[in-house]
Amino acid sequence: MECSGTTKAPITKLSSPSNAPNSPQVPLVVSPCAACKILRRRCAEKCVLAPYFPPSDPMKFTTAHRVFGASNIIKFLQELPEYQRADAVSSMVYEANARIRDPVYGCAGAICQLQKQVNELQAHLAKAQAEVVTMQCQYSNLMTFISMDFEQSPESSPDQQSFGNYSTNDLSMLDEIINSDSLQLDSLW
């Protein structure tokens, strides 16, 4: 079940294609898992580490080994049912990477940093939403003021009245744009 402590070269098996019985046998090299290769051990047939630390990805085991140690990894995997082992290895490698980056806090430090960032972004969002509401109120007050001003001056027709460089038609179109659903902001959370 465990990897043994002796060193051995990669296992060589002879194979021949099944459809050609008289063809020469080709050596097939089965290399040890990354864990056994790094630990310089013989990779047993039922090595606990082999399914989770393939020879193509030695950094995965190196990182986990640096933080947890090989014997702890083996012990931990043996205590778990097989269907949970892949997730456990993934978690150990993630935690090991986080511990190497931040030896004191590890994953908890990353989580705290992300929570702080979320809180800052929520504060910025609330501030922006408050500014939008303020601008809508200012616009509403301006439109009320303009409409009162137009009602008090009867000397020209409503289509020809202007305020600065804008006619009343332009102002009513601006009012429709502001009050349309495209500017209504719902909470993202």
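Q: In what order do the elements of the protein chain run from the N terminus on?
A: Helices (H or I, at least four residues) and strands (E, at least two) are DSSP runs, numbered from the N terminus. Here the order is β-β-α-α-α-α-α-β-β-α, with six helices and four strands in the protein chain. The model is predicted: local features need pLDDT of at least 70, side-chain atom pairs count only at pLDDT 80 or more, and totals for chains, interfaces and linings use all residues. Residues are numbered from 1 along each chain as its sequence is written, and side-chain values use heavy atoms, with hydrogens and water left out.

Q: What share of the 189 residues in the protein chain is buried?
A: Buried means under 20% relative accessible area, exposed over 50%, and partly exposed in between (1.4 Å probe, protein chains only). Buried residues are 23% of the 189 in the protein chain. In α2 (residues 58–68), they are F61, T62, T63 and A64. Their cover includes α1 (34–39), α3 and α4.

Q: How is the packing of two helices described?
A: Two numbers are used: the angle between the axes and the distance between them. Axes are lines fitted to C-alpha atoms, for helices over the stretch in contact, and angles run from 0 to 180 degrees between N-to-C directions. Angles under 35 degrees count as roughly parallel, over 145 as roughly antiparallel, 65 to 115 as roughly perpendicular and the rest as oblique. For α2 and α3, the angle is about 100 degrees and the axes are 7 Å apart. The two helices are therefore roughly perpendicular to each other.

Q: Which residues of α2 and α3 meet?
A: Contact means heavy atoms within 4.5 Å. F61, A64, H65 and F68 of α2 meet A70, N72 and I73 of α3. Just after α2, G69 has a positive phi of about 90 degrees.

Q: At what angle do α3 and α4 pack?
A: Helix α3 (residues 70–79) and helix α4 (residues 82–101) pack at about 150 degrees, with axes 10 Å apart. That makes α3 roughly antiparallel to α4. I73, F76, L77 and Q78 of α3 make the contact with R85, A88, V89 and M92 of α4.

Q: How far does α5 reach from its first C-alpha to its last?
A: The expected span of a helix is 1.5 Å times one less than its number of residues. Helix α5 (residues 107–152) has 46 residues and reaches 68 Å, close to the expected 68 Å. Its buried residues are C107, G109, Y139, M143, I146 and F150.
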